[in-house]
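Please read it alongside the sequence and the coordinates.

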Amino acid sequence: MSEPNTSPSLADADPGFVRDTRAAYDAIAEEYAREFPDGLGERILDRALLSGFAELVRAAGAKPVADVGSGPGNVTALLHRLGVPVFGVDVSPRMVALARRAHPGIRFHVGSMGALDLPDRTLGGLLALFSVIHVPDTHLPVVFAEFRRVLVPGGYLLLCFQTGTGERQRLTERFGHEIALDYYWRTPESVADHLIEAGLAVQARVVLEPEGGATRPRAFLLARRPAAR
């Protein structure tokens with residue numbers, strides 16, 4: 001029997017930041033896909049961490065993995081090539097359409113990370129690559145509670161995000177389009193604290209220095225839903 005979903009959800013209210021994020025990525029979808037043709041570029045360490053995540057979830061069983069904030073689907077496709085039964089979820093319908101066109105053998109659907117359309121204890125793994133950066137601090141506990149809900153006991157979560165000291169940045173233009181998109185730059189420690197409060201056990205923290213024109217370090221956090229809970 002699945003456990004009831006008693007955690008708060010973003011589904012009912014569809015808060016402003018979800019609408020703004022959807023509208024922004026719908027507007028820039030084609031340009032974004034051209035700018036980031038494979039998601040991770042040539043960053044060898046990033047690929048190694050993703051490969052390690054894939055190996056962990058494969059070793060834990062054959063449960064599916066969700067790439068949440070999958071964008072044009074390139075990292076989803078990389079996980080697929082690594083032998084992971086993966087599907088993609090993105091808040092932007094235009095991003096999902098691009099992903100389906102580029103990777104017709106992989107399932108992609110529109111959804112919000114704070115209200116995943118999945119039963120409890122469904123996923124063996126969940127990847128959120130540069131996607132929680134658009135979630136305000138007040139809603140981060142909701143998102144992480146949702147991640148825990150859909151993971152099986154023993155399931156893995158891999159987060160990646162650009163780091164900061166708690167500042168918020170609003171972008172009003174990108175690729176020539178007018179948008180209203182907020183970014184939240186957090187320390188790895190603060191995000192790890194949120195994961196622990198959501199009932200997830202943090203197993204690894206890696207911070208990589210900026211490269212390839214980037215200005216912020218990027219953090220990878222590996223967490224796991226405890227097997228007994």
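1. Helices (H or I, at least four residues) and strands (E, at least two) are DSSP runs, numbered from the N terminus. Axes are lines fitted to C-alpha atoms, for helices over the stretch in contact, and angles run from 0 to 180 degrees between N-to-C directions.

2. On the source: this is a predicted model, in which local features need pLDDT of at least 70 and side-chain atom pairs count only at pLDDT 80 or more, while totals for chains, interfaces and linings use all residues. Residues are numbered from 1 along each chain as its sequence is written, and side-chain values use heavy atoms, with hydrogens and water left out.

3. The sheet itself is open and consists of 7 strands in the order E3-E2-E1-E4-E5-E9-E8, with mixed pairing. Strands E3 (108-110) and E8 (201-208) stand at the edges; each has a single partner strand, so one side of each is left without a neighbour in the sheet. From one strand to the next, the twist averages 15 degrees. Two strands are taken to pair if DSSP finds at least two bridges between them.

4. Within this sheet, E1 (residues 65-68) and E2 (residues 86-90) pair in the parallel sense over 4 bridges. Val-68 stands opposite Val-89 in E2. Helix H4 (residues 93-102) lies across E2 and E3, and its direction is at about 170 degrees to E3.

5. Ser-92 is placed in the loop between E2 and H4. Ser-92 counts as buried, at 0% relative accessibility. Its side chain reaches the backbone nitrogen of Met-95 at 3.1 Å. Leaving aside residues up to four places away in sequence, Ser-92 touches Arg-22, Tyr-25 and Asp-26, where contact means heavy atoms within 4.5 Å.

6. Thr-21 belongs to helix H1 (residues 16-35) and is buried, with a relative accessible area of 10%. A polar atom of the Thr-21 side chain lies 2.7 Å from the backbone oxygen of Phe-17. Not counting residues up to four places away in sequence, Thr-21 touches Val-91, His-134 and Leu-181.

7. Helices H2 (residues 44-60) and H3 (residues 74-81) pack at an angle of about 55 degrees, with their axes 10 Å apart. That makes H2 oblique to H3; angles under 35 degrees count as roughly parallel, over 145 as roughly antiparallel, 65 to 115 as roughly perpendicular and the rest as oblique. At their meeting, Arg-47, Leu-50, Phe-53 and Ala-54 in H2 face Val-75, Leu-78 and Leu-79 in H3 as contacts.

8. Finally, strands E6 (residues 167-174) and E7 (residues 177-185) run antiparallel and are joined by 7 bridges. Arg-174 stands opposite His-177 in E7. E6 and E7 form a hairpin with 2 residues between them, and Phe-175 in the turn has a positive phi of about 55 degrees.

Methods. Buried < 20%, exposed > 50% of the residue type's maximum accessible area, 1.4 Å probe, protein only. Polar contact = N/O pair within 3.5 Å; in protein donor to acceptor, adjacent residues only side chain to side chain.
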